[in-house]
Amino acid sequence: YQRRVRDQEKQKEEQERQKLERERQVQQENEMETEKQKQSQTTETEQQQKEKERIGKEEKQKLEKEKQEKERQEKLKLERERQEKERQEKEKERQETAKLEKEKQEKEKQEKEKEKQEKEKEKQEKEKEKQEK
């Protein structure tokens, strides 16, 4: 009887010991899993951070390129406007010169015509005087 009781106690102790051992193992596995997840999250967070930085850099470069392109376009536009204005001024000047030249020629023509008429008048007057004599 005593032996049986001792055997049962030993069995209980053994079961208790195994139970504790299993719990300890489970706890250890849980801790390892938790640590693994933490590391995974940290790595993920670091990767996300690096990705954000990379995207940030790319975005910055893209914006910089766009800004430079805008400035280049603006310079081209201003240069074209300047050239167009210059062209218009030269054209205006040319027309003005042509107009003045035409007016000058017209004036000279009128003066010659006037002189011719005066000569004709003088001639007629002399003719008239001649006939009167």
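Guide: Let us begin with the term helix: helices (H or I, at least four residues) and strands (E, at least two) are DSSP runs, numbered from the N terminus. In this structure, Glu 58 and Arg 54 both lie in helix 1, four residues apart, or about one turn of the helix. The model is predicted, so local features need pLDDT of at least 70 and side-chain atom pairs count only at pLDDT 80 or more, whereas totals for chains, interfaces and linings use all residues. Residues are numbered from 1 along each chain as its sequence is written, and side-chain values use heavy atoms, leaving out hydrogens and water.

Visitor: What is a salt bridge, and how many does a search of the whole structure find?

Guide: A salt bridge is a side-chain nitrogen of Lys or Arg within 4 Å of a carboxyl oxygen of Asp or Glu. The search finds nine.

Visitor: Which residues are linked with Arg 54 in a network of salt bridges?

Guide: Glu 51 and Glu 58 are linked with Arg 54 in this network. The closest N and O atoms are 2.5 Å apart for Arg 54 and Glu 51, and 2.4 Å apart for Glu 58 and Arg 54. Arg 54 and Glu 51 lie three residues apart in helix 1 (residues 2-132).

Visitor: Is Arg 54 buried, exposed or partly exposed?

Guide: Buried means under 20% relative accessible area, exposed over 50%, and partly exposed in between (1.4 Å probe, protein chains only). Arg 54 counts as partly exposed because its relative accessibility is 38%. Glu 51, at 35%, is partly exposed, as is Glu 58, at 40%.
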